[in-house]
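Subject: Structure handed over, with notes

Dear colleague,

Please find below the structure I promised to pass on to you. My notes follow it, and I would be glad if you read them with the model open.

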Amino acid sequence: MSEQASAVRVIGLWPSPFVIRVLIALKLKGVEYEFVEEVGKKSELLLRSNPVHKKIPVLLHHGKPISESLVIVQYIDEAWSSAAPAILPADPYTRAVHRFWAQYIDDKLPPAIRTLRGSDDGDKEQAAGQLSGALKLLEAAFVELSQGKSYFGGDTVGYLDIALGSHIGWVKAVEKIAGVALLDEAKVPNLAAWAGRLCAHPAVADSIPNADKFVEFSVKYGSFSKPINSGAK
């Protein structure tokens, strides 16, 4: 392990979209890191590093812990500001708009995905409708924010690309699990094309496994908390 990697550690579990965000941001900035897998009973390192929420992911930078995935992504952008590309938009208004949509994503997508994969109780048809509706709104947001370019961030992968892109694996997985069409060219053509470009990006490709791996994880474990018992945000 290099000295740089030992200075940056990520406590997490690969299927968590919130952990995936952190990995994408680090790879985007070219930062070497050590991945500390959190499996089974919550480790002393996790409990010590995130005593408030006791959840993954946690970024340890020279031993100092940073929690909450969106906070971590912003930290990475600021701590490695000299490394291109910038993750957050430079314009304050555009940055606020991207933060708004990132929060919308975290409010709407995870509950519906958990219901569709069967880890939470709920009406699957209603959850599919909620998720489909959210993606349609994000389709319109992409058209507006990308301004005809490849990503929400324009020519490069940015904050909102990371926030939404981290959920792609699970969206595709619940399409298979629940037999629904969500990230579909007929429904959200721009978002479907964006997802394909994003998943092929060098900083993203290794961070989001194919849908079958998420399906296998869901069948084996059901929930992150049973028996993985890590939680994530």
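In which helix is the place of Leu164? Leu164 sits in helix H7, where helices (H or I, at least four residues) and strands (E, at least two) are DSSP runs numbered from the N terminus. Before going further, please note that this is a predicted model, in which local features need pLDDT of at least 70 and side-chain atom pairs count only at pLDDT 80 or more, whereas totals for chains, interfaces and linings use all residues. Residues are numbered from 1 along each chain as its sequence is written, and side-chain values use heavy atoms, with hydrogens and water left out.

To stay with Leu164 for a moment, this residue is buried, with a relative accessible area of 4%; buried means under 20% relative accessible area, exposed over 50%, and partly exposed in between (1.4 Å probe, protein chains only). Leaving aside neighbours within four places in sequence, Leu164 is in contact (heavy atoms within 4.5 Å) with Ile105, Leu109, Leu138, Phe152, Leu191 and Trp194. Its C-alpha atom is separated by 24 Å from that of Val219, a residue 55 places away along the chain.

His98, found in helix H5, counts as buried because its relative accessibility is 3%, and, not counting residues up to four places away in sequence, His98 touches Pro89, Leu145, Phe152, Gly153, Tyr159 and Leu160. Ser150, by contrast, is placed in the loop between helix H6 (124-146) and helix H7 (159-165), and counts as partly exposed because its relative accessibility is 29%. Apart from neighbours within four places in sequence, the contacts of Ser150 are Phe142, Trp194 and Arg197, while its C-alpha atom and that of Ile105, 45 residues apart along the chain, are separated by 19 Å.

Turning to the overall division, the protein is split into domain 1 (8-80) and domain 2 (92-220), with bounds that come from an automatic or database domain assignment. The centres of the two domains, taken over C-alpha atoms, are separated by 21 Å, and 15 residues of domain 1 are in contact with 22 residues of domain 2. Between them, domain 1 and domain 2 bury about 1,700 Å², with 72% of it on carbon and sulfur atoms; buried area here is the accessible area (1.4 Å probe) that two parts lose on being put together, summed over both. On the domain 1 side, Trp14, Arg21 and Ile24 lose the most area to domain 2, and together they make up 34% of what that side buries.

Strand E1 (residues 8-12) pairs with strand E2 (residues 34-37) in the parallel sense over four bridges, pairing being counted if DSSP finds at least two bridges between two strands. Within this pair, Ile11 has Val36 as its bridge partner in E2. Together with helix H2 (residues 17-29), E1 and E2 make a right-handed β-α-β unit, right-handed meaning that, with the strands pointing away from the viewer, the path from the first strand over the helix to the second runs clockwise.

Finally, some backbone details deserve a look. Most residues other than glycine have a negative phi, and most peptide bonds are trans. A cis peptide bond, with omega about 0°, joins Ile56 and Pro57, and Pro57 is in the loop between helix H3 (44-49) and strand E3 (58-61). Lys54, which lies in the loop between H3 and E3, has a positive phi of about 55° although it is not a glycine; at 35% relative accessibility, Lys54 counts as partly exposed. The peptide bond from Ala84 to Pro85 is also cis, with omega near 0°, and Pro85 is placed in the loop between helix H4 (69-79) and helix H5 (92-117). Glu68, in the loop between strand E4 (64-67) and H4, has a positive phi near 75° and counts as buried at 19% relative accessibility.

With best wishes
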